Amino acid sequence: MKINSNLAVSDSGFIFNPSNGDSFSTNAVGADIIRLMKEGKKLTEIKKEMSAKYDVEPGAFEKDYEDFISQLQDHFLVSHV
Amino acid sequence: MSSSIKRKLTVAVTGLNAVDSPGPGVAVIRGIRDCEDFDVRIIGLSYESLEPGIYMEGIADKVYQIPYPAAGTDTLMSRLEYIHSVEKIDVIIPNFDAELHNFIKISKQLKEIGIATFLPSNEQFEARDKVNLFKFGEKHGFLIPRDKTIYDVSELAGVAKEFEYPIVVKGKYYEATVAYTLEQAQKAYHKLNAKWGLPIIVQEFISGTEVNIAALGDGEGNTISAVPMRKLFITDKGKAWAGITLEEQSLIDLASKFISATKWRGGFEIEIMRTNDGKPYIMEVNPRFPAWIYLTVGAGQNQPASLVKLALGEKVEPYTSYAVGKLFIRYAWDLITDVSEFQKISAFGEL
């Protein structure tokens, strides 16, 4: 899964998709995940960094991550590679 | 110390009706005034006495009323000759679909008396007409929704059966209604017929996200500018009240393909419905700048000023970039003026 490269994400979690003008807001966790995805990090690296930063069980993180990715998919913010 | 020379110009512009279904005139004027290459005098050309652009500060230096398109080209030409005798107009920019046919027709006469225009040819104008758009798409490889031109309300049922509901019922020049039943379609037919006359165009409904492109062609197949925008707030008349510039190369390519196929001369707007699987259907091509044209100026591509330069025969280099994520937000403003102003434009046709 690859995040759209031209997606603009502010520190406050405001997301702007310049391809279609859609905008969204996410929380700090979501903004961090998008930032790491934009850096081209893989799931294992994202999991590692997020676990270090936030107090979260790996299993719980993976479930939340999958849920977040499916929301990104619903809004055309990610594409299959 | 710095010095500069600005070209003195007089530009006449129509479409001063900055109302809820606005004409582009005020936005076009703002663009031209923003251009630092000109020292410009703006002549507003109005049809009605309550067009807000007549009275707005810093828009038109002088306003003249002109005859309605139905009065014909001779009447229009004679009025413009009078205005030209007073104002020495360099360029005229007409901005209404309904008046363009007349202006295209008299463009040679205008040139002979020293007034430049930068308009599409009659063939270009007709090719993108709603009535001919589907054929145009077939010829040049553009996706266009199927449509039927009808002259009698009894034809509606048959067309609806072919396209399946919902269908889009469109007026000859402006306005469209999405109809989900035959009754709704008939109501829309009668309303549009009363307002704009026949024919009525019935179009297949395409579901998706509406995106618009404002563009400028140099008449030789080159794209001088193309800026895509998505409406963020739409009025009940379907007009953009807020919008944002997009970054989407496929949309710019589509505008360039249109310009290259038609050798379009002048400004225009393409209305696109992009389906969820990304197919861009051209819904309409408006043969003039849209009312939101000032967004292109804000985004770094001054299309109105470029059109003035092209009209004057200057070489204009194509723009290569614009700011993505630039918004326009339209607003309503109560302008206070005196009845004496209203009286001048109403009684004498000048202000």
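Biologist: Which residues of H9(B) are buried?

Modeller: In this predicted model, a residue counts as buried if 20 or more other C-beta atoms lie within 10 Å of its own. In H9(B), the residues that are buried are Leu251(B), Leu254(B), Ala255(B), Phe258(B), Ile259(B) and Thr262(B).

Biologist: Within what arc do the buried residues of H9(B) fall, seen down its axis?

Modeller: An α-helix has 3.6 residues a turn, so residues three or four places apart point the same way. The buried residues of H9(B) line one face of the helix, because, seen down the axis, they fall within an arc of 135°.

Biologist: Against which elements of chain B do the buried residues of H9(B) pack?

Modeller: One partner of these buried residues is a helix, H5 (122–127) of chain B. The others are strands of chain B, namely E9 (209–218), E10 (223–234), E12 (265–274) and E13 (280–286).

Biologist: How far apart are the end C-alpha atoms of helix H9 of chain B?

Modeller: Helix H9 of chain B has 14 residues, 249–262. At 1.5 Å a residue, this helix should span 20 Å. The model agrees, because the end C-alpha atoms are apart by 20 Å.

Biologist: Is Val211(B) buried or exposed?

Modeller: Val211(B) lies in strand E9 of chain B. The cut-off for a buried residue is 20 or more other C-beta atoms within 10 Å. Val211(B) has 23 C-beta neighbours inside 10 Å, and therefore it counts as buried.

Biologist: With which residues is Val211(B) in contact, leaving aside its neighbours within four places in sequence?

Modeller: Contact here requires C-beta atoms that lie within 7 Å. Val211(B) then has as its contacts Pro228(B), Arg230(B), Leu246(B), Leu251(B), Ile272(B) and Arg274(B).

Biologist: Is Glu164(B) buried or exposed?

Modeller: Glu164(B) is placed in the loop between H7 and E6 of chain B. Although Glu164(B) is not a glycine, it has a positive phi of about 70°. With 9 C-beta neighbours inside 10 Å, Glu164(B) counts as exposed.

Biologist: What kind of peptide bond joins Tyr165(B) and Pro166(B)?

Modeller: Pro166(B) is found in the loop between helix H7 (156–163) and strand E6 (167–170) of chain B. The omega of the bond that joins Tyr165(B) to Pro166(B) is about 0°, and the bond is cis.

Biologist: At roughly what angle do the axes of helix H1 and helix H2 of chain A cross?

Modeller: Two packed helices are described by the angle between their axes and the distance between the axes. For H1 (residues 28–38) and H2 (residues 43–53) of chain A, the axes come within 10 Å. The crossing of H1(A) and H2(A) is right-handed. The angle at which these axes cross is roughly 145°.

Conventions. Residues numbered from 1 in each chain as written. Chains lettered and ligands numbered in written order. Predicted model: local features only at pLDDT ≥ 70, side-chain atom pairs only at ≥ 80, totals over all residues. Helix = DSSP H or I, 4+ residues; strand = E, 2+ residues; numbered from the N terminus. Expected span 1.5 Å × (residues − 1). Buried ≥ 20, exposed ≤ 12 C-beta atoms within 10 Å, placed from the backbone. Arc of directions from axis to C-beta. Contact = placed C-beta atoms within 7 Å. Axes fitted to C-alpha atoms, helices over the stretch in contact; angles between N-to-C directions. Left-handed = near helix turned anticlockwise from the far one by under 90°.
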